[in-house]
Amino acid sequence: MRSALITVCAAAAAGLIAVPVPAAQAASPAWDDDKGTLSVTPSTIAPGGQVNLFTDACGDARRAKANSDAFVSAAHFGPAADTAGLVAEARVRRDAAPRSYDVWLTCEDVKGKATATLTVIHHNRPSPAAPVKAGGGGTATLAEQATESSGPGTRHAVTGLVLAAVAAVAVALRSSRRRGRIGG
């Protein structure tokens, strides 16, 4: 007796699950979620950027609206000039957090909707403030130090005078030895 009751309940549940699907399909208009698309270009953008939206999900409709938590305001679609479909532009909020956002499309003249995803990223790469220090090994540092000094300093002048004095003494000694050999 108990197995018969379970069988009847299972059959009734299966019937209830199967019945709404054809009824829902019969009540829906000719629009089909699987045939329409919503595209967001570019799909990855920085805050404050502008995206282009395109959809062919609304059939013969001439207007649609797209919303997203990333947008400054709703994007209103109009007919595309080159192709069948609708186009719109939307501005991404400057304070949008870096993450993925859903974009929802609602057709205004017919029943229809579609979704897409937009990813907001932040560029935290530092930009160069000065030319790159290039060169083999430490030559870039030496070249930088050479351009920083404006000319020889006191240390260079003293070193040059000492070397000149040593050279003068060496020349004088050599000259005096030659004179001593020649004269004597």
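Student: What does the side chain of Thr55 reach, and at what distance?

Tutor: Keep in mind that this is a predicted model. In it, the Thr55 side chain reaches the backbone oxygen of Thr37, at 2.7 Å.

Student: Is Thr55 buried or exposed?

Tutor: Buried: its relative accessible area is 1%, and the cut-off for that label is under 20%.

Student: OK, which residues does Thr55 touch?

Tutor: Skipping residues up to four places away in sequence, Thr55 touches Thr37, Leu38, Phe77, Gly85, Leu86 and Leu105.

Student: And which strand is Thr55 in?

Tutor: Thr55 belongs to β3, which covers residues 50–55. That strand has a covered face made of Val51, Leu53 and Thr55, while Gln50, Asn52 and Phe54 make up the uncovered one.

Student: Which strands does β3 pair with, and in what sense?

Tutor: β3 runs antiparallel to β1, with 4 bridges joining them. β3 is also antiparallel to β6, through 6 bridges. Phe54 is a handy landmark: Ser39 stands opposite Phe54, and in β6 the bridge partner of Phe54 is Val87.

Student: Zooming out, what's the strand order in the sheet?

Tutor: It's an open sheet of 8 strands with mixed pairing, in the order β1-β3-β6-β5-β4-β7-β8-β2. β1 (38–41) and β2 (44–45) are at the edges with a single partner strand each, so one side of each has no neighbour in the sheet.

Student: How does β2 pair with β8?

Tutor: In the parallel sense, over 2 bridges, with β8 spanning residues 113–120. Thr44 has Thr119 in β8 as its bridge partner.

Student: Switching topic: how many residues are in the largest nonpolar core?

Tutor: There are 27, and the ones with the most contacts inside that core are Val51, Leu53, Phe77, Val92, Leu105 and Leu118. β1, β3, β4 (64–68), β5 (75–79), β6 (86–91), β7 (100–107) and β8 each supply at least two of the core's residues.

Student: Last one: what is Val51 in contact with?

Tutor: Leaving out neighbours within four places in sequence, Val51 contacts Val40, Thr41, Pro42, Ile45, Phe71, Ala88, Glu89, Ala90, Val92 and Leu118. Val92 and Leu118 are also among the core residues with the most contacts.

Notes
Residues are numbered from 1 along each chain as its sequence is written. This is a predicted model: local features need pLDDT of at least 70, side-chain atom pairs count only at pLDDT 80 or more; totals for chains, interfaces and linings use all residues. Side-chain values use heavy atoms; hydrogens and water are left out. Two strands pair if DSSP finds at least two bridges between them. Buried means under 20% relative accessible area, exposed over 50%, partly exposed in between (1.4 Å probe, protein chains only). A polar contact is a pair of N or O atoms within 3.5 Å; within protein, one must be able to donate a hydrogen and the other to accept it, and residues adjacent in sequence count only if both atoms are side-chain atoms. Contact means heavy atoms within 4.5 Å. A nonpolar core is a set of buried Ala, Val, Leu, Ile, Met, Phe, Trp, Tyr and Cys residues joined through side-chain atoms within 4.5 Å.
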